[in-house]
Amino acid sequence: LLQQHRRRQQTAAYSKMQPGRAKLPACSLQEQILTTIRTHQVTVISGATGCGKTTQIPQLIIDDMLERGVGATCRIICTQPRRLSAIAVAERVAEERAARVGEEVGYAIRLENRAGPATRVLFCTTGI
């Protein structure tokens, strides 16, 4: 998994997304967020709309776990209030990671499931 991640980091698609991600408040607090998550069983993160809670925090976590060699144990579930939100966010995060929906990033809503064995971040509606 780490080798796949590092290969993706070398692609033009991945590099193109990084400047926009870096501008989000969640990314500027990366070390504080990751330290808090590592040292507490439960972490609540709140922030203004558009600060990167939904798109960036899961990526910070998976990247950290990959770099520490425990990425295979990582499974992140992010609930979304609406079907279209879950799909749109999964597509956005997959794009930022230079991946396809259904691989490392997926979604599950009602009768539609675009996730697989390699999915580490799953966006779903609260009914799933």
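Student: What does the accessible surface of the protein chain come to?
Tutor: The accessible surface is about 7,700 Å², and 54% of that belongs to carbon and sulfur atoms. Areas here come from the Shrake-Rupley method with a 1.4 Å probe. This is a predicted model, in which local features need pLDDT of at least 70 and side-chain atom pairs count only at pLDDT 80 or more, while totals for chains, interfaces and linings use all residues. Residues are numbered from 1 along each chain as its sequence is written, and side-chain values use heavy atoms, with hydrogens and water left out.

Student: How many of the 128 residues count as buried, in percent?
Tutor: The buried share is 41%, where buried means under 20% relative accessible area.

Student: Turning to Gln59, where does it lie?
Tutor: Gln59 lies in helix α5, residues 57-67; helices are DSSP runs of H or I with at least four residues, numbered from the N terminus.

Student: Is Gln59 buried or exposed?
Tutor: Gln59 is buried, with a relative accessible area of 0%.

Student: Which side chain does the side chain of Gln59 make a polar contact with?
Tutor: That partner is the side chain of Arg21, at 3.4 Å. A polar contact is a pair of N or O atoms within 3.5 Å; within protein, one must be able to donate a hydrogen and the other to accept it, and residues adjacent in sequence count only if both atoms are side-chain atoms.

Student: Which backbone oxygen does the Gln59 side chain reach?
Tutor: The backbone oxygen of Thr55, at 2.7 Å.

Terms used. Helices (H or I, at least four residues) and strands (E, at least two) are DSSP runs, numbered from the N terminus. Buried means under 20% relative accessible area, exposed over 50%, partly exposed in between (1.4 Å probe, protein chains only).
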